[in-house]
Amino acid sequence: MKIVACNSNLPLAEKVAVELGMPLCDVTVRRFADMEIFVEIHENVRGEDVFVIQSTCSPTNDNLMELLIMLDALRRGSARRITAVMPYFGYARQDRKSGPRTPISAKLVANILVEAGANRILTMDLHAMQIQGFFDIPVDNLYAAPLFTRDIKGRMGLEAPLPYDAPEMNIPGGPHNLMIVSPDVGGVVRARQLAQRLNVDLAIIDKRRERAGVSEVMNVIGDVRGRYCVLVDDIVDSGGSLCNAAEALMRHGAAAVEAYVTHGVLTGGAVSRIGQSPLQMLTLTDSIAKTEDVRQSHNIRQISTANLLSRAMRAVSDESSVSSLFD
């Protein structure tokens, strides 16, 4: 088993390597003067089970191309099996034709990954579950819900103290006053799973999207008056939907609002927008590396996925169950 790290999220790759107790493979990834990507692997990978860690986040196309070239280098180096570990799967939001003469880019990316040499995909919280069907190779889709559950319970003092610094969650009226909220109808399944794990109530925000990147909150389904609301989503991009949802919950009488989101894309002025919103805290995973703006933000934090990813990688390598990690 060997671990190869590309450049999109080196801190996460290093944490995974520590969890697995093995070094990262010695590779060179550099660019020529015209920005062509060059990859060289300085270790023998013939017959090895190789895992390539790369999130295809911004700059999306550069990171995707870097991954493709690394896969091709490993395939030509006669690796026995190549698993693309993509904590964040870019282009996942383009999972269907949104109108006439538009592409299904997620399917295109799936085809390219397989053609480049991937034998297996390991990812987390895919935006659309049907993307697993775009591949003719095995796809393991992990969930951040167990991480979020543990973090929330630890912050409320319901479980053993967390192994990292985390702000306490002081809920007026006690833990039973917590309420999980889905920011849209499409995310109800994800929010319900977390609500069931925590044994708390669920609310839903009904919104209408006028155009890409702009949303209008229409209604809150459920009584949120006096409740400590936690919004749950898979991706926060511009932050508009999340901030609008937080404002709607406060208007409907919520005591406080937090959010747990798996992938912090955070484009444009998202960090500033979140900083000025009613959100007390936005908790992200480290599927996408922190930017300097995120580091300096007073209400954005990250929790690590390294343990989850490393256990999944070990299970794949040992041919044991990955689904046991969903509990």
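Q: How much space lies in the largest cavity?
A: The largest cavity holds about 40 Å³ of space, in a model that is predicted, where local features need pLDDT of at least 70, side-chain atom pairs count only at pLDDT 80 or more, and totals for chains, interfaces and linings use all residues. Residues are numbered from 1 along each chain as its sequence is written, and side-chain values use heavy atoms, with hydrogens and water left out.

Q: What makes a space a cavity rather than a pocket?
A: On a 1 Å grid over the protein atoms alone, a cavity is a set of points where a 1.4 Å probe fits but cannot get out, whereas a pocket is an open set with protein on both sides within 12 Å along at least five of seven lines; in either case, lining residues have an atom within 4 Å of a point. Counted by this rule, there is one cavity of 30 Å³ or more.

Q: Which residues line the largest cavity?
A: The lining consists of Tyr88, Phe89, Ala92, Thr123, Met124, Asp125, Leu126, His127, Ile235 and His263. By class these divide into six nonpolar, three polar and one charged, where Ala, Val, Leu, Ile, Met, Phe, Trp, Tyr, Cys and Pro count as nonpolar, Asp, Glu, Lys and Arg as charged, and the others, Gly among them, as polar.

Q: Why is the second largest pocket said to lie between domain 1 and domain 2?
A: Domain 1 (2-142) and domain 2 (144-303) both give residues to its lining, and therefore the pocket lies between them; the domain bounds come from an automatic or database domain assignment. The space in this pocket is about 460 Å³, and of its 31 lining residues the closest to the centre are Cys57, Ser58, Thr60, Tyr88 and Val265.

Q: What makes the contact of Asp95 with Arg96 a salt bridge?
A: A salt bridge is a side-chain nitrogen of Lys or Arg within 4 Å of a carboxyl oxygen of Asp or Glu, and the side chains of Asp95 and Arg96 meet with an N to O distance of 3.0 Å. A search of the whole structure finds 17 salt bridges.

Q: How do you know that the salt bridge of Asp234 with Arg190 ties together parts that are apart in sequence?
A: The closest N and O atoms of Asp234 and Arg190 are 3.7 Å apart. Asp234 lies in strand β11 (residues 228-236) and Arg190 in helix α5 (residues 188-198), so the pair links parts that are 44 residues apart in sequence. Helices (H or I, at least four residues) and strands (E, at least two) are DSSP runs, numbered from the N terminus. Both Asp234 and Arg190 are buried.

Q: How do you know that the span of helix α6 agrees with what its residues should give?
A: The expected span of a helix is 1.5 Å times one less than its number of residues. The 12 residues of α6 (residues 240-251) should therefore span 16 Å, and its end C-alpha atoms are 16 Å apart, which agrees. Among the buried residues of α6 are Gly240, Leu242 and Cys243, and Gly253, with a positive phi near 95°, follows the helix.

Key:
Grid points are joined across faces, edges and corners, and a volume is the space filled by probe spheres set on the points. Buried means under 20% relative accessible area, exposed over 50%, partly exposed in between (1.4 Å probe, protein chains only).
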